[in-house]
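User: Please take a close look at one helix packing in this model. Then set it beside the rest of the chain.

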Amino acid sequence: MSDQEIHKAKRERKKVFRKLFLRNIWTRLAFYFLVFMLFIGIFAPFIANHQPLCVTYKGKTFYPAWSTSWIGQNIIGYNTVDTIHYNGKKEVIQFDITDWRKMDVDYVLWPLVPFSPENPDYYNRDYVSPADKQLVPSPSGKTVEASGKFRHVLGTDDLGRDVLAGIIHGARSSLTIGIFSMVLASIIGLVIGLLSGYFGDDRLKLSWFAVILFIPVVLLGYFIGFIARSSTIAEAFETSTLQGLIQFMISLFILVTVPAFFTWLFNFIPGKKINFPIDSLFSRATEVFNSLPKLLLIISLSVLFEQQSIWLTVLIIGCTSWTEISRLTRAELLKIRELDYIQAAKSLGLKNRRILLRHALPNAMSSVFVTITFGVAAAILIESALSFLGIGVPQDAVTWGSMLSHGRQEMEAWWLLVYPGLALFLTTLSVNLLGEGLRDALDPKLRSSK
């Protein structure tokens, strides 16, 4: 087959995939909704912020919302305090605590929602509903009725925090936890599933010495990676979550590489090679792990850490959500390894590493990717449950689950339950619909019929 024919076949496969994926109106709506939510999550600081995007005050122009955002820092630099010299007087402005609504500015450009979820509006506290009378300070010093942009469209909580701003910023937290936790779970599940399904119990030949000492070297790797470095990991988490994650990944790397190195080294010892039951070993471990109550396990791990953060929640959910991906990957590899193209690759003398990564894995990912998609929805729900219980993410972090937990304290404030719950419901429903659309588009029977 020529290169032109190969490219033509690829274009046809992509065309069939798009046709099958977008043929269902509900799949299209789910896809567009998730793109919209991702856009909101990425640009949340510029969509909902109590600081203006651009303001001119006494002849000087500021960019408060930009200068305090990680995106804006790369464009205009980081600056939360600025100084104005006007008519011989010096005035210091601190962006994060300045109420720009009281300022007599020359020009101001507000975000779409001029409120931040963590910044209370004291003029509209004590559970102001969307239909209640709302107040706003004027530059003249008077308090007037809010209208238009400065109304809390979805109401406020007891401290005066805007519900719509919380939903917008909560989208970033929920999607971050859902997506990145499943990335971590996918890495763990794919590695275990690939090795277990491809080699099985009869295709991995190791020396008898390596087989006998496999469990001891795994325990050695665990001791070096986690027991001996426990104080280092704890100190890193106390410093920052990022430092803790780095140290945890180093320990995980040690846990994997120490057994792999000694197994490779022991394999050079002369003697009879025997089958290593890697499938049975991983399958029993997966079954034991899968038998544990998942939510209780996550809650138990969450309360072990004094410092809570979003990335710690990602780590906990990711490390406890890999079993389904592992089992499905194993099932796919048990089928794929018997196909003709895998046998042809082995007969050509290709190494197992290349066969796994270049041939087996891409063909197994179609079914696994659907499970990963459903896992994102499950991770979002788990995070919401943890936030509802007051664990997992920090208390000052805004998530849909924390908003629902706050709303249960005042059941008459229905808007604190309805709107975050609706956002959570629509997002998880859209992710599930997207997964069903991917399953139909990747179904070989439907693709061949087209």
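**Helix α14 against helix α16**

In this predicted model, helix α14 (residues 323-336) packs on helix α16 (residues 352-388). The angle is about 135° and the axes lie 9 Å apart. An angle over 145 degrees would count as roughly antiparallel. At about 135°, α14 is therefore oblique to α16. The crossing of α14 past α16 is right-handed.

On the α14 side, the contact uses Glu324, Ile325, Leu328, Thr329, Glu332, Leu333 and Ile336. On the α16 side, the partners are Leu356, Ala360, Asn363, Ala364, Ser367, Val368, Thr371 and Ile372. By class, the contact of α14 with α16 holds 9 nonpolar, 4 polar and 2 charged residues. Glu324 and Glu332 of α14 take part in the contact, and Glu counts as charged.

Helix α6 (residues 163-199) and α13 have axes that come within 8 Å. They cross at roughly 40°. The roughly parallel class needs an angle under 35 degrees. α6 and α13 are therefore oblique to each other. α6 passes α13 in a right-handed crossing.

From α6, the contact takes Ser173, Thr176, Ile177, Phe180, Ser181, Leu184, Ala185 and Ile188. From α13, it takes Ile310, Trp311, Thr313, Val314, Leu315, Ile317, Gly318 and Cys319. The contact of α6 with α13 divides into 11 nonpolar, 5 polar and no charged residues.

Cys319 gives a residue-level view. It sits in helix α13 (residues 310-319). The C-alpha atoms of Cys319 and Ala185 are separated by 5.9 Å. Along the chain, these two residues are 134 residues apart. Leaving aside neighbours within four places in sequence, Cys319 is in contact with Leu184, Ile188, Phe248 and Phe289.

Further along, Ser405 lies in helix α17 (residues 400-407). Its relative accessible area is 11%. The cut-off for buried is under 20%, so Ser405 is buried. Beyond neighbours within four places in sequence, Ser405 is in contact with Ser387 and Phe388.

Now the whole chain. It has 19 helices and 9 strands. Of its 450 residues, 43% count as buried. Among contacts between residues at least 6 apart in sequence, 73% join residues at least 24 apart. The chain exposes about 24300 Å². Carbon and sulfur atoms supply 63% of that area.

How values were computed
Residues numbered from 1 in each chain as written. Predicted model: local features only at pLDDT ≥ 70, side-chain atom pairs only at ≥ 80, totals over all residues. Heavy atoms only, no water. Helix = DSSP H or I, 4+ residues; strand = E, 2+ residues; numbered from the N terminus. Contact = heavy atoms within 4.5 Å. Axes fitted to C-alpha atoms, helices over the stretch in contact; angles between N-to-C directions. Parallel < 35°, antiparallel > 145°, perpendicular 65-115°, else oblique. Left-handed = near helix turned anticlockwise from the far one by under 90°. Buried < 20%, exposed > 50% of the residue type's maximum accessible area, 1.4 Å probe, protein only. Areas by Shrake-Rupley, 256 points an atom, 1.4 Å probe, with all protein chains shown as cover.
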